[in-house]
Amino acid sequence: MSVVGHSPPPFFKRGPAPLARLFFFVSLSIALLVADLRFHTLEWARLGAATLLWPLQRAAYLPVDAGMDLGGYLSSLRRLKDDNDALRKQQLATANLLLRQTHLDQENQRLRALLDMKERQPAVGQVAEILYAARDPFSRRVIMNKGLQAGVEAGQAVVDELGVIGQVTRVLPMTSEVTLLTDKDQAIPVEVRRNGLRGILAGAGSGAMELRFMPANADVQAGDLLTTSGLDGIYLPGLPVAKVIGIERDNSMAFAHVACEPVAGVERNGLVLVLGRRIAPDRPEEDVRAPEPPTKGKQSRARTR
Amino acid sequence: MQPTHSSRRILLPVKGWFILLTLVGATLANLVPLGRLPLLPDWVALTLTFWCIREPLRVSMGTAFVLGLIMDIADASIMGQHALAYVLLAFTAGQLSRRILWFPLFEQALHVFPMLLGTQLIMLIVRLIAGAEFPGLSWFIGSLVGAALWHPVTYLLLLPQYQPVERDDNRPI
């Protein structure tokens, strides 16, 4: 048996007993788990370590990258031409809308000014590319190629050409993690486009989503489009999110089970748009008193002047 | 002497840098972003088990803990999830190393399979307590593939120790 190796057996310095070491490392791991899960105190350590790991990750990504490049190079001229034609047709089809967009925006602004409403926030964003899905099998996250260096912040919404796909949840120097809408911990406030009914959409695992806490008699139909309601202060209102695919109304349950599927290519990789951080509208004052009589109000205003 | 895999064969001493190189290589293999292919084994766990069985005095729980932290950060999972599982794996492998090395390679793989499966189960329990979704039974195929790869992995990782004592310049390996 050559278990001990070929060096002379170490009689004296063996360190602590294995059980003692096991106890030490296990308690250290559990302490880390609790610190990360309960108190979220390890983000800075993670940021530093991830920066050090970045070259290794980049090196591991190289073969996949090269393979994709090769695949792109070998894709036939024919397909590229077809793609080009399709895109040109699509551009022509949407040109009508695009040309009138500026005009409509201005008109909308004027009308909103007339109605004395707050102006809509302009949507700005930057294009990023989804590199790969995170290896963690327990959550649905993807890694994007823009990070702290590009000014991405945690909390920003990520959309593709069809609708919302998720939200930036962790930012590293070169990359950032996007939690997809189908993740079990991800929720998004939505409204039914047809009738403005509000609700909360959450991931249900295995690529599906569920509209939670809908009363059994709520006016939701299969095929309804759900859009962001904008009440959360994070997502801009009106972005398409999901489509209702089936409703199960059970009298024994207080809520209906509304199954949805995402509109956007949530589980596909490609180019995405990271929407700029939205400035949340001011919340109304909590203790609004009954309006004072007008004369008194005028007096007090005069006094402050 | 013919290269045999029985533990009775006298091997050259292992070099420290080779252990480090294989562990870094396994980490790199784990980092290759292939998405959620369920067939891929956890290379780090496999290599770690191998060295914990072969060299229990050099590679044990400390190495496992550091590797676990690296995988936690690279995988974007909870800090301590891999670390806890790998430390327990290294402890089990170290305790069983004297027993396992008596067996031929196929029966060694039968020992390694429950260890790899246990590592996955610990991670599963930790994440389910934290409220994650169940990844599906296909995720556990990874440890089956890992155990099936025990034979080639053993051969590969022991290759530098098979060199004869008298150096023969005409020998290819």
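Me: How do you know how far helix H3 of chain A reaches from its first C-alpha to its last, against what is expected?
Reply: In this predicted model, H3 of chain A covers residues 77-114, 38 residues in all, and spans 54 Å between its end C-alpha atoms.

Me: Where does H3(A) bend?
Reply: The bend is at Ala95(A), and its angle is about 45°.

Me: Why is H3(A) said to lie largely in the open?
Reply: To be buried, a residue needs 20 or more other C-beta atoms within 10 Å of its own. Of the 38 residues in H3(A), zero are buried, so the helix lies largely in the open. After the helix comes Asp116(A), with a positive phi near 60°.

Me: What makes His40(A) exposed or buried?
Reply: His40(A) has 8, so His40(A) is exposed. Its place is in the loop between helix H1 (18-39) and helix H2 (43-74) of chain A. His40(A) also has a positive phi, about 50°, although it is not a glycine.

Me: What makes E7 and E8 of chain A a pair?
Reply: Two strands pair when there are at least two bridges between them. E7 (residues 198-205) and E8 (residues 208-215) of chain A have five, so they meet the cut-off, and they run in the antiparallel sense. One residue pair to look at is Ala202(A) with its bridge partner in E8(A), Glu210(A).

Me: Which order do the strands follow in the closed barrel that contains E7 and E8 of chain A?
Reply: The order is E6-E7-E8-E11-E10-E9, six strands with antiparallel pairing. On average, neighbouring strands of this sheet are turned by 45° against each other, direction ignored.

Me: How do you know that E6 and E9 of chain A pair?
Reply: E6 (residues 187-192) and E9 (residues 225-228) of chain A are joined by three bridges in the antiparallel sense, and the cut-off is two, so they count as a pair. Within it, Glu191(A) stands opposite Thr227(A) of E9(A). E9(A) also pairs with E10 (residues 240-248) of chain A, again antiparallel and over three bridges. There, Leu225(A) has Lys243(A) of E10(A) as its bridge partner.

Me: In which order do the strands of the barrel with E1 and E12 of chain A run?
Reply: That closed barrel has six strands, E1-E2-E5-E4-E3-E12, with antiparallel pairing. Its neighbouring strands are turned by 45° against each other on average, direction ignored. Between E1 (residues 125-133) and E12 (residues 271-275) of chain A, which run antiparallel, there are five bridges. Ala128(A) stands opposite Val272(A) of E12(A).

Me: Now to chain B: what makes Val87(B) buried or exposed?
Reply: Val87(B) has 27 C-beta neighbours inside 10 Å, and the cut-off for burial is 20, so Val87(B) counts as buried. Its place is in helix H4 of chain B. Beyond four places in sequence, its contacts include Leu22(A), Phe25(A) and Val26(A), along with Met61(B) and Phe65(B).

Me: How many residues of each chain take part in the contact between chain B and chain A?
Reply: There are 43 residues from chain B and 43 residues from chain A. On the side of chain B, helices H1 (16-31), H3 (61-75), H4 (81-100) and H5 (105-129) give two or more residues each. H4(B) supplies the largest share, nine residues. By class, that side has 27 nonpolar, 10 polar and six charged residues.

Me: How many helices and strands does chain B have?
Reply: Chain B has seven helices and zero strands. Of its 173 residues, 41% are buried.

How values were computed. Residues are numbered from 1 along each chain as its sequence is written. Chains are lettered from A and ligands numbered from 1 in the order in which they are written. This is a predicted model: local features need pLDDT of at least 70, side-chain atom pairs count only at pLDDT 80 or more; totals for chains, interfaces and linings use all residues. Helices (H or I, at least four residues) and strands (E, at least two) are DSSP runs, numbered from the N terminus. The expected span of a helix is 1.5 Å times one less than its number of residues. The bend at a residue is the angle between axes fitted to the seven residues ending there and the seven starting there. A residue is buried if 20 or more other C-beta atoms lie within 10 Å of its own, exposed if 12 or fewer, and partly exposed in between; C-beta atoms are placed from the backbone. Two residues are in contact if their C-beta atoms, placed from the backbone, lie within 7 Å. Ala, Val, Leu, Ile, Met, Phe, Trp, Tyr, Cys and Pro count as nonpolar, Asp, Glu, Lys and Arg as charged, and the others, Gly among them, as polar. Axes are lines fitted to C-alpha atoms, for helices over the stretch in contact, and angles run from 0 to 180 degrees between N-to-C directions.
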